Amino acid sequence: MASTKPVLTEEQIPELVKELYGLTVKSWTKFDGYDDLNLFIKVDPAESTNSNIPSPSSDGYVLKISNGRFTVDPGSIASQNSLMIFLDGRLTGIEVPTPKRSLSGNYWDFVSLPWKAPSQTPTEKFIVRLLTFTPGKMLSSVATEPSTEVLQQIGRLVGRFAKTMENFDVGLVAPPVVKEIWHLQNCEQVNSLLDAVDDSTQLTVFRDVLAEFERHLTTHRHELPQGVIHGDLNEGNIVMEQSAEEENAQYFVKGIIDFSDMHFSCKI
């Protein structure tokens, strides 16, 4: 299936949540998402017909409907789920989203949804998940530049992530069917996108950096420690929280999200 997202009406979203998860949607908003359709939903904490979610969270959830091109790669979705479940509680003080089981007991389900228009036909199969939500503000949305302390927190987080992942069963990571251009081992494919860069100075820098990276990767890859990495730990996937309610209170790293680009690669 080609790269596509489902098209749903306002009525279809609460119906889908009720049908799959037995929860009553009170409100929902759409999050930005490069590949997937991500919907932040608030549910009635007093209503659940799902024994897997007996006490719905008042923080809400993220209804994540994967891009249609991942329909052929359910193993990748299962790998992401395994990683999030493994990390939950192991990164002390750092929250990660975790999948919730549907009424059928699954961490993900195939669902036929409209994708050309918000109608019942034509439909395609999409992979649907419900993830816990971490309240906070994305680092990209924080008005001030990250302090040295915040940058150090992120550095320590990356180190702790790598250390924690030493105990993760890499056998749970399925070989990807969809080859992502953004995975480190596929960096040479980025060259095909450089035509989008108009600034000649930037273009030269990008080409030089890619060439140098490819040279080092080819020469030293076998010498570097390998493991499962997040793959997209940027300012849009780091959740921040203020240490107090005062306007000038310091921010600290609260959580990380979006494990869609996780893959096995060099840790350094």
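**Close-up views of charged residues in a predicted model**

**View 1. A glutamate in the helix α1.** In this predicted model, Glu15 is part of helix α1, which covers residues 12-21. Glu15 also belongs to a patch of negative charge on the surface, where it gathers with Glu10, Glu11 and Glu19.

**View 2. The salt bridge between Arg156 and Glu149.** Side chains of opposite charge can pair when their charged atoms come close. Here Arg156 and Glu149 form such a salt bridge, and their closest N and O atoms are 3.1 Å apart. Arg156 is partly exposed, since its relative accessible area is 44%, and Glu149 is likewise partly exposed, with a value of 39%. By the rule used for this model, the count of salt bridges comes to 6.

**View 3. The salt bridge between Lys163 and Glu166.** The side chains of Lys163 and Glu166 meet in a salt bridge, with a distance of 3.6 Å from N to O. How exposed is Lys163 in this pair? Lys163 has a relative accessible area of 56% and therefore counts as exposed, because the cut-off for that word is over 50%. Glu166, with a relative accessible area of 48%, is partly exposed.

**View 4. A salt bridge between two strands.** The side chains of Lys254 and Glu241 meet in a salt bridge, and the distance from N to O is 3.0 Å. Because Lys254 lies in strand β9 (residues 251-256) and Glu241 in strand β8 (residues 238-242), the pair ties together parts that are 13 residues apart in sequence. Is Lys254 buried or exposed? With a relative accessible area of 10%, Lys254 is buried, because buried means under 20% relative accessible area. Glu241, by contrast, counts as partly exposed, at 30% relative accessibility.

**View 5. A positive phi at Asp258.** Most residues other than glycine have a negative phi. Asp258, which is a residue other than glycine, has a positive phi near 60 degrees. Where in the chain does Asp258 have its place? Asp258 is found in the loop between β9 and β10, the latter strand being residues 263-266. The relative accessible area of Asp258 is 27%, so this residue is described as partly exposed.

Conventions: Residues numbered from 1 in each chain as written. Predicted model: local features only at pLDDT ≥ 70, side-chain atom pairs only at ≥ 80, totals over all residues. Heavy atoms only, no water. Patch = residues over 30% accessible without salt bridge, like charges linked within 9 Å, V, L, I, M, F, W, Y side chains within 5 Å. Areas by Shrake-Rupley, 256 points an atom, 1.4 Å probe, with all protein chains shown as cover. Salt bridge = Lys/Arg side-chain N within 4 Å of Asp/Glu carboxyl O. Lys, Arg positive; Asp, Glu negative; His and termini not counted. Charge placed at Lys NZ, Arg CZ, Asp CG, Glu CD. Helix = DSSP H or I, 4+ residues; strand = E, 2+ residues; numbered from the N terminus. Buried < 20%, exposed > 50% of the residue type's maximum accessible area, 1.4 Å probe, protein only.
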